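The sequence and the structure are shown first.

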Amino acid sequence: MPHHEQPPTPAALRRAVVTGSAGFIGSHLAHALAQYGTTVIGVDRRDPSTNATAIANLASLRGLPGYHHITADLVTCAIDPLLIDADAVFHLAGIPGVRPSWGPRFSDYLTSNVLATHRVVEACTRVGVPRMVVASSSSVYGPTDGGASTEADRPKPASPYAVTKLAEEQLCLAYAERPVGPGTVALRYFTVYGPRQRADMFTHRALQAALTGQPLRLYGDGHQRRDFTYVDDVVAATIAAATVPSARGVINVGGGSNASLLEVINIVSGLVGRDIQLQQDNVRSGDVLVTRADPGRAREVLGWQPRVDLHDGLRAHMQALAAQVPNYSRAA
Ligand code: NAD
Ligand code: UGA
């Protein structure tokens with residue numbers, strides 16, 4: 001798509017399924033789609049009547065006409081009936097953390113990221129869903145020389161999690177090659193942050209440390225760099241992946257704000273007005289030193305580029321976190 005053209009609006013999506021809709025990114029995506037007038041079937045194994053994270057993440061969707069939540073585990077539930085008449089399936093459900101994927105929890109990663117995805121893509125094929133967008137990860141690139149990763153680079157996943165994400169996206173792309181398979185886009189998201197970010201992630205923890213005065217555990221020397229990508233930008237890319245008719249294959253979603261952890265700590269301290277107390281800890285296995293997206297393909301194919309810079313994004317994230325827990329003690 002030429003750079004000056006805007007991606008089509010989600011008007012093309014009358015009905016969409018969002019898996020992982022009670023999660024961080026899925027809840028933002030479901031909310032954006034429902035606001036555009038798309039009927040959204042949200043599927044997640046977290047039950048919003050009992051699970052605290054689901055209750056918080058889905059709060060903004062409560063009462064929005066057009067959002068329907070189904071509590072179901074994609075490993076076992078009947079998927080076909082959920083997909084009937086869907087113009088697109090956004091498959092975001094999965095187990096996301098890099099560091100806990102070593103050891104016995106690997107079977108959860110394999111089950112939810114690979115076997116459940118297999119069930120979803122099989123169902124999409126049977127039902128004839130025309131479009132599938134699957135959430136992949138920058139982690140599939142593994143260690144790099146610090147330069148930007150392009151979609152043509154050979155993946156070298158460095159953690160069990162990353163191995164399952166590579167298997168997940170490649171499985172979907174293999175199905176897409178069949179004449180009956182859905183047109184498929186695998187989006188490699190780069191470290192997403194913003195309101196409702198998972199509590200295990202760095203940005204959340206840095207903000208929480210600044211807001212509460214509790215120490216922040218730093219794995220390594222803090223010189224690790226990430227392409228921090230604001231969640232609204234990620235949602236825009238994800239919707240474009242379903243609405244740009246020619247979009248296919250793997251696309252990086254990142255490239256706006258590359259920064260080290262120490263730089264993020266500095267910005268956060270400035271925003272909150274309190275220094276963060278650091279607790280040095282060992283580098284974690286599977287943690288790569290640098291992620292950096294080449295955003296060229298996202299720009300050309302989706303007409304997408306990140307718009308929210310790190311400072312503004314962190315401010316919005318901070319405000320949401322501070323509002324969520326009323327007794328956060330803000331420094332003067
Ligand atoms: P999240 O944990 O907040 O959301 C994932 C949701 O999937 C959860 O609500 C969980 O209950 C649900 N889920 C997991 N297994 C399921 C199953 N078997 N059946 C039904 N529901 C199931 O994670 P997130 O950060 O929002 O990530 C969403 C997706 O994006 C994941 O696939 C993740 O790998 C990918 N991703 C995230 C990031 C990031 O920075 N957050 C970056 C790259 C890729
Ligand atoms: C993140 C997400 O958690 C994954 O779901 C996603 O697939 C991946 O991005 C991606 O881009 O594909 P990660 O880069 O590990 O993975 O993001 P964080 O959990 O925010 O960690 C970022 C860095 O901060 C890592 O170097 C980590 O070791 C460090 N960290 C994290 C700390 O120093 N302390 C913490 O308490 C948490």
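Helices and strands are here DSSP runs, helices (H or I) of at least four residues and strands (E) of at least two, numbered from the N terminus. The model is predicted.

Asp85 is exposed, its relative accessible area being 56%, whereas Ala86 has a relative accessible area of 7% and is buried. Asp85 also has a positive phi, about 70°, although the residue is not a glycine.

Which residues does Ala86 contact, leaving aside its neighbours within four places in sequence? They are Arg15, Val17, Val129 and Pro130. Ala52, by comparison, is 34 residues from Ala86 in sequence, and the C-alpha atoms of Ala86 and Ala52 are 29 Å apart in space.

Arg196 belongs to the loop between β7 (192-193) and α6 (202-212). Its relative accessibility is 25%, so Arg196 counts as partly exposed.

Pro157 sits in the loop between β5 (131-137) and α5. With 26% relative accessibility, Pro157 counts as partly exposed. When neighbours within four places in sequence are set aside, the contacts of Pro157 are Ser139, Val140, Gly142, Ala162, Val163 and Leu166. Ala11 lies 146 residues from Pro157 along the chain, with a C-alpha separation of 37 Å.

## Packing of α4 and α5

Two packed helices are described by the angle between their axes and the distance between the axes. For helix α4 (residues 106-127) and helix α5 (residues 160-176), the angle is about 10° and the axes are 9 Å apart. Angles under 35 degrees count as roughly parallel, and α4 is therefore roughly parallel to α5.

On the α4 side, the contact is made by Phe106, Tyr109, Leu110, Asn113, Val114, Thr117, His118, Val121, Glu122 and Thr125. On the α5 side, the residues are Pro160, Tyr161, Thr164, Lys165, Ala167, Glu168, Leu171, Cys172 and Tyr175. By class, the residues of this contact between α4 and α5 comprise 11 nonpolar, 5 polar and 3 charged.

Helix α10 (residues 310-324) packs with helix α8 (residues 261-272), their axes coming within 10 Å and crossing at roughly 55°. The helices α8 and α10 are therefore oblique to each other, and their crossing is right-handed. From α8, the contact involves Val264, Ile267, Val268, Leu271 and Val272, and from α10 it involves Leu310, His311, Leu314, Arg315 and Met318. The residues of the contact of α8 with α10 divide into 8 nonpolar, 1 polar and 1 charged.

How do the axes of α6 and α10 cross, and at what angle? They come within 10 Å and cross at roughly 60°, which makes α6 oblique to α10. The crossing of α6 past α10 is right-handed. Thr203, His204, Leu207, Gln208 and Leu211 of α6 meet Leu314, His317, Met318, Leu321 and Ala322 of α10. This contact of α6 with α10 has 6 nonpolar residues, 4 polar and no charged. Leu314 and Met318 of α10 are listed in the contact with α8 and in the contact with α6.

## Cysteines

A disulfide is a covalent bond between the sulfur atoms of two cysteines. How many disulfides does the structure hold? The number is 0. Cys77 is in no disulfide, and the nearest cysteine sulfur, belonging to Cys124, is 12 Å away. Cys77 has 14% relative accessibility and therefore counts as buried.

Cys172 is likewise in no disulfide; for this residue the nearest cysteine sulfur is that of Cys124, at 8.1 Å. The relative accessibility of Cys172 is 0%, so Cys172 counts as buried. Cys172 is also one of the α5 residues in the contact with α4.

Key. Residues are numbered from 1 along each chain as its sequence is written. Chains are lettered from A and ligands numbered from 1 in the order in which they are written. This is a predicted model: local features need pLDDT of at least 70, side-chain atom pairs count only at pLDDT 80 or more; totals for chains, interfaces and linings use all residues. Side-chain values use heavy atoms; hydrogens and water are left out. Axes are lines fitted to C-alpha atoms, for helices over the stretch in contact, and angles run from 0 to 180 degrees between N-to-C directions. Angles under 35 degrees count as roughly parallel, over 145 as roughly antiparallel, 65 to 115 as roughly perpendicular and the rest as oblique. A crossing is left-handed if the near helix is turned anticlockwise from the far one by less than a right angle, and right-handed if clockwise. Contact means heavy atoms within 4.5 Å. Ala, Val, Leu, Ile, Met, Phe, Trp, Tyr, Cys and Pro count as nonpolar, Asp, Glu, Lys and Arg as charged, and the others, Gly among them, as polar. A disulfide is a pair of cysteine sulfur atoms within 2.5 Å. Buried means under 20% relative accessible area, exposed over 50%, partly exposed in between (1.4 Å probe, protein chains only).
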